[in-house]
Structure formats: C-alpha cells, structure tokens
Amino acid sequence: MAFLGRRNFLKRGTIALLPTLLPAGKLMAADNATNAGAAPGNHAIKLFGDGEMFAPEAYIAELSNAFAATKFEQDRYGVGGAVAALENKFAAITGKEKAIFMPSGTMANQLALSVLSGDKSKVFVQDTSHVYRDEADAAQSIFYKRLMPLAPGETYFTAQQLQQSIDALAEAEVFETGIGAVSIENPVRRTNGKTVPLAEIKKIADYCRAKNIRLHLDGARIFMAAAWTGVSVKEYAAHFDTVYISLYKYFGASAGAVLCGSKEVIDKMPHLMKVHGGSMYGNWTNAAMALHRLEGFEERLQKAIETWGKISGALNKISGIKIAPLPGGSNIYSLALSKAIDGTKMHAQLNKEFNIKMPRPDEQNHSFVSVNETLLYQPADYVIHAFKTSMR
Ligand SMILES: Cc1ncc(COP(=O)(O)O)c(C=O)c1O
C-alpha cells in the first residue's frame, strides 16, 4: 500500500507551499513545539487538545483565507464588522436572542453568573469545574458570590444532589441569602472530556425553573459534546439561560469567547465588560478566524470521528495496544500499551518520523489521546502505518 509520506503530503494543497519559504531552523523549532500548534504547512496531527491552534505564520495565512472568502470588516469596541457577524451566527446556533463576543471564557462565565444571580449570593457548581477550580476565585473575590461545589471528583451532580444540598441549607444556615444560579460545565475538562447526560440536564433545568434559579452552561467545548453524543448545540443550549462557547479551543482563534442568552441579560454585558477592563478596541481578528473555521466544522469533526474509528479499529487488532472511549466521554480516549512496547520511543518516533504528536505515555505506559480535526491532515492508513512502525 502506498503511504503518503510526510514530504509528499506537504506537496499537496496551497498551504503546503509555505514550508519552502521558511528557513529550516523555523521548521525545526515548530517541530519541537508541543502545544504551539501546527507550523505553517507542517500540518502535525495532534492527538491532544480539541483542534487546531495555529502558530503565527499559519494564523496569518488562514486569516488571509478567511478574508479572501468573506471580505470581513473590522469592529470598533466590539460593535459591527466580523464581531457582529459572529454574534449573529452564535445566537442562531444556540437559539438564543442575542450573543456577545468577550475576550475570555473566564469573563463570560463570571459575568454571566453575576448577572444571572443578581443580589443572591450562592452559585452551585461542579467541584471539578473550571468556574470553581480555575478562575482564581473571581466569583468570591470580585463578584461576591459564594460558590457551592457539588459532586467532588465527579463529572456532574444530579438534580437530586442539587435539591438535597439546597434543602439542607434551610437546616444548616440561619440567614437565607438565596440561590442565585447554577452552573454546569459540559463536557468537563478535569474529567477528561466526560459529558453530562442530557436527561440529567433536563431534570436540573426543570428543578431550577420551578425554584426560579437561573442556569448557566460553561460550554467551552460544547461542540465536542455535541459531536460525540449526537445532541445538538441548540438542544443543549435550550435548557440554559446563558451559554458560553470558546473561540480558540477548536475554532482556531487566538483567544476569545462568545456568550449567548436573552437580550435582557446580554444587553447588560458591554457595561460590565468595560468596568472590568475587558472592552477591547479591536476584536475582529479573533471573530473573523472563528467564523471562518466554524464553516464546515461539524462536518469535519464527524469525518475525524470516522477516521479515528478506522484507526482505533485497526490498532486494537494488534496485540499490546488498547484504545477505548471513556464512559460518557467525548473526544478523549484511553490508550494503553503493554510492557512489551516502548511507549517513550513510540511517542518520539511518531513525532519525529510521522509528525504525529501524542501525549507521552506515563509510567504505566498509558496515555489519553484526543481526537480533533487535525486527524484529517492524513489518511487513516498513514496513521495506522505510523503507529505500527513506531511500536516496533
Ligand atoms: C471548561 C472551561 N471553561 C472556561 C475556560 C476559560 O476560558 P479562557 O481561557 O478563555 O478564559 C476554559 C479554559 O481552559 C475551560 O476549559
């Protein structure tokens, strides 16, 4: 079988011409980078992360492609141009009245929870969530919210656990401060991309509605959940008052977030962004890139899943390697190697010889690998061949 060698692959397509313009040193530097994104035309398959994160030259080339396709215009302080187009697109995708571009997901989460909870101070979150663990206690120190973590170590809390915890407050605390909001992250990064079942989201949403508690979705990677569960982004979003989606984890932007919700909530955001220093003069580079990469994204991701099915199916027939989805998981898979295989050597050879970057196996010879659209840079047979060769 004729495998497309890396060099032959580079000869194909327009971006493939770029390496010839680059000094070898630059290519080497990009090759050695692990998380810096594919070098221009270098098109590494990255079995980590959720999608393409372009290095500067590739970013500029891709933004030029975006401009050639749509002749987008700049915004001013987030008004007009590519930003307005992005906001309209995401409002439609999520089925919400309005959307707003924000500089970061952290700001989107924090401002959404602050507005949704009003003067009530308690916000229920997953113990494993980004809001609870990775936002520098912003809710507590800047927004005067008391985060109430549920289900330690787990992907999600159930409606029953939420209800029990809220009911217990009546006994446990003297002063009633009110439940402001509930936040759900889906999928959950800290549990390797595991998803919250739609049936449980519905139960939580029903309970919250009955209690007049507002519900926020940290859907940084909601497109990953949608691709793996078959539940559309709109269906997920329908159960929440506000939804945040990342623009850089898999839509190629260098930063940014979009927050979607009712006009009433979203219209409060420009002022809040300004007073928190998040109102930036120009946002169009990120908005235009995300809009461009959104085009056809879901189809490409489905193809990547299909390709991964072929790859993992073939590799699982080889003794000493076991690839398995995680229960309730999305794009992160378990990859276990037997002791007979030198995982460190395999990792290095895949990178050096085949331009396939995967997380280095741990002491148990185990790794978590991620499926994303960079898999489409090569045919399934190329990846299968690369693994077989590197395992020897
Ligand atoms: C689940 C989740 N929510 C929110 C964020 C925050 O995004 P940002 O880096 O844009 O602040 C992240 C970033 O890693 C995340 O993984």
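**Reading the contacts**

Mentor: We begin with the ligand: an N or O atom in the side chain of Arg221 lies 2.9 Å from one of the ligand's oxygen atoms. Please keep in mind that this is a predicted model.

Trainee: Which polar side-chain atom lies 3.3 Å from an oxygen atom of the ligand?

Mentor: That atom belongs to Tyr244. In the side chain of Tyr248, an N or O atom is 2.6 Å from an oxygen atom of the ligand. Taken alone, the ligand exposes 390 Å², and the protein buries 85% of that area.

Trainee: Which residues come nearest to the ligand?

Mentor: The shell has 13 residues, and those that come nearest are Gly105, Thr106, Asp218, Tyr248 and Lys249. Helix H5, residues 105-117, supplies the largest share of the shell, with 3 residues.

Trainee: How do the residues of the shell divide into nonpolar, polar and charged?

Mentor: The shell contains 3 nonpolar, 5 polar and 5 charged residues.

Trainee: Are Glu62 and Arg293 buried or exposed?

Mentor: Both residues are buried. Glu62 and Arg293 also belong to a network of salt bridges that includes Arg300 and Glu373.

Trainee: What does Asp134 meet in a salt bridge?

Mentor: The side chain of Asp134 meets that of Arg190, at 2.7 Å from N to O. Asp134 lies in the loop between helices H6 (130-133) and H7 (138-141), and Arg190 in the loop between strand S5 (179-185) and helix H9 (198-211), so the pair ties together parts 56 residues apart in sequence. With a relative accessibility of 33%, Asp134 counts as partly exposed. Arg190 is partly exposed as well, at 46%.

Trainee: With which residue does Arg146 form a salt bridge?

Mentor: Its partner is Glu173, and the closest N and O atoms are 2.9 Å apart. This pair links distant parts of the chain, 27 residues apart: Arg146 is in strand S4 (residues 146-150), while Glu173 is in the loop between helix H8 (159-172) and S5. Arg146 is partly exposed at 39%, and Glu173 is partly exposed at 23%.

Trainee: What describes a pair of aromatic rings?

Mentor: Such a pair is described by the distance of the centres and the angle of the planes. In this model, the count comes to 13 aromatic pairs. The ring centres of Phe223 and Phe297 are 6.1 Å apart and their planes stand at 75°, so this pair is edge-to-face; the cut-off for that class is over 60 degrees.

Trainee: Which helices hold Phe223 and Phe297?

Mentor: Phe223 lies in helix H10 (residues 222-229) and Phe297 in helix H15 (residues 297-315), so the pair ties together parts 74 residues apart in sequence. Phe223 counts as buried at 3% relative accessibility, and Phe297 counts as buried at 1%. Together with Phe90, Tyr250 and Phe251, these two residues form one aromatic cluster.

How values were computed
Residues numbered from 1 in each chain as written. Predicted model: local features only at pLDDT ≥ 70, side-chain atom pairs only at ≥ 80, totals over all residues. Heavy atoms only, no water. Buried < 20%, exposed > 50% of the residue type's maximum accessible area, 1.4 Å probe, protein only. Salt bridge = Lys/Arg side-chain N within 4 Å of Asp/Glu carboxyl O. Helix = DSSP H or I, 4+ residues; strand = E, 2+ residues; numbered from the N terminus. Near = heavy atom within 4 Å. Polar contact = N/O pair within 3.5 Å; in protein donor to acceptor, adjacent residues only side chain to side chain. Areas by Shrake-Rupley, 256 points an atom, 1.4 Å probe, with all protein chains shown as cover. Nonpolar A, V, L, I, M, F, W, Y, C, P; charged D, E, K, R; others polar. Phe/Tyr/Trp six-rings, centres within 6.5 Å; stacked < 30°, edge-to-face > 60°.
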